[in-house]
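This report describes the fold, sheet and core of a single chain. The sequence and structure are shown first.

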Amino acid sequence: MNLSSLVITLKPNTDIASISEQISKYASIEVKEGDKIVAVVESDDTDGQIKAYRALERIDGVANVAMIYSYEDPADVDALGARSMDEIMDKLEKTPTKKIKYSGHVNV
């Protein structure tokens with residue numbers, strides 16, 4: 001099981017009530033305030049988590065989806081085995097840089 005908390009920032013003049021319904025298809029909404037929604041995504045694995053993020057990013061009115069915290073059950077990680085992690089890393093390394101989107105802020 002994979003749990004992660006997100007802060008979803010809305011574009012200006014977005015109706016928070018109507019967009020909350022769309023977001024709730026992918027995440028549990030915890031707090032709504034101003035132009036931000038705090039949500040929790042629960043998925044079976046990392047792939048499910050990423051699919052939920054991508055779906056949330058595509059909702060009209062969403063400006064940004066930022067993961068704040070992520071927890072993955074250690075038993076799930078162990079079940080993947082080293083081979084699966086190698087496959088994931090290999091896939092990332094073969095992905096063209098232009099297709100990778102990062103929308104956070106690096107604090108150094």
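## An exposed loop residue

Asn 13 is exposed, at 84% relative accessible area; exposed means over 50%, buried under 20%, and partly exposed in between, with a 1.4 Å probe and protein chains only. Asn 13 sits in the loop that links strand 1 and helix 1. Although Asn 13 is not a glycine, its phi is positive, at about 65°.

## Basis of the model

The model is predicted, so local features need pLDDT of at least 70 and side-chain atom pairs count only at pLDDT 80 or more, while totals for chains, interfaces and linings use all residues. Residues are numbered from 1 along each chain as its sequence is written, and side-chain values use heavy atoms, with hydrogens and water left out.

## Overall fold

Three helices and four strands are present in the chain, in the sequence pattern β-α-β-β-α-β-α. Helices (H or I, at least four residues) and strands (E, at least two) are DSSP runs numbered from the N terminus.

Of the 108 residues in the chain, 23% are buried. The chain exposes about 8000 Å², of which carbon and sulfur atoms supply 53%; these areas come from the Shrake-Rupley method with a 1.4 Å probe. Among contacts (heavy atoms within 4.5 Å) between residues at least 6 apart in sequence, 69% join residues at least 24 apart.

The four strands form an open sheet in the order 2-3-1-4, with antiparallel pairing; two strands pair if DSSP finds at least two bridges between them. Strand 2 (28-33) and strand 4 stand at the edges with a single partner strand each, so one side of each has no neighbour in the sheet. From one strand to the next, the twist averages 20°; axes are lines fitted to C-alpha atoms, for helices over the stretch in contact, and angles run from 0 to 180 degrees between N-to-C directions.

Strand 1 and strand 3 run antiparallel and are joined by eight bridges. Ser 5 stands opposite Val 40 in strand 3.

## The nonpolar core

A nonpolar core is a set of buried Ala, Val, Leu, Ile, Met, Phe, Trp, Tyr and Cys residues joined through side-chain atoms within 4.5 Å. The largest one has 15 residues, and those touching the most other members include Leu 6, Ile 19 and Leu 56. Elements giving two or more residues to this core include strand 1 (2-10), helix 1 (16-23) and helix 2 (46-57).

Helix 2 lies across strand 1, strand 3 and strand 4, and runs at about 165° to strand 4. Not counting residues up to four places away in sequence, Leu 56 touches Leu 6, Ile 8, Ile 23, Tyr 26, Val 41, Val 62 and Val 65.
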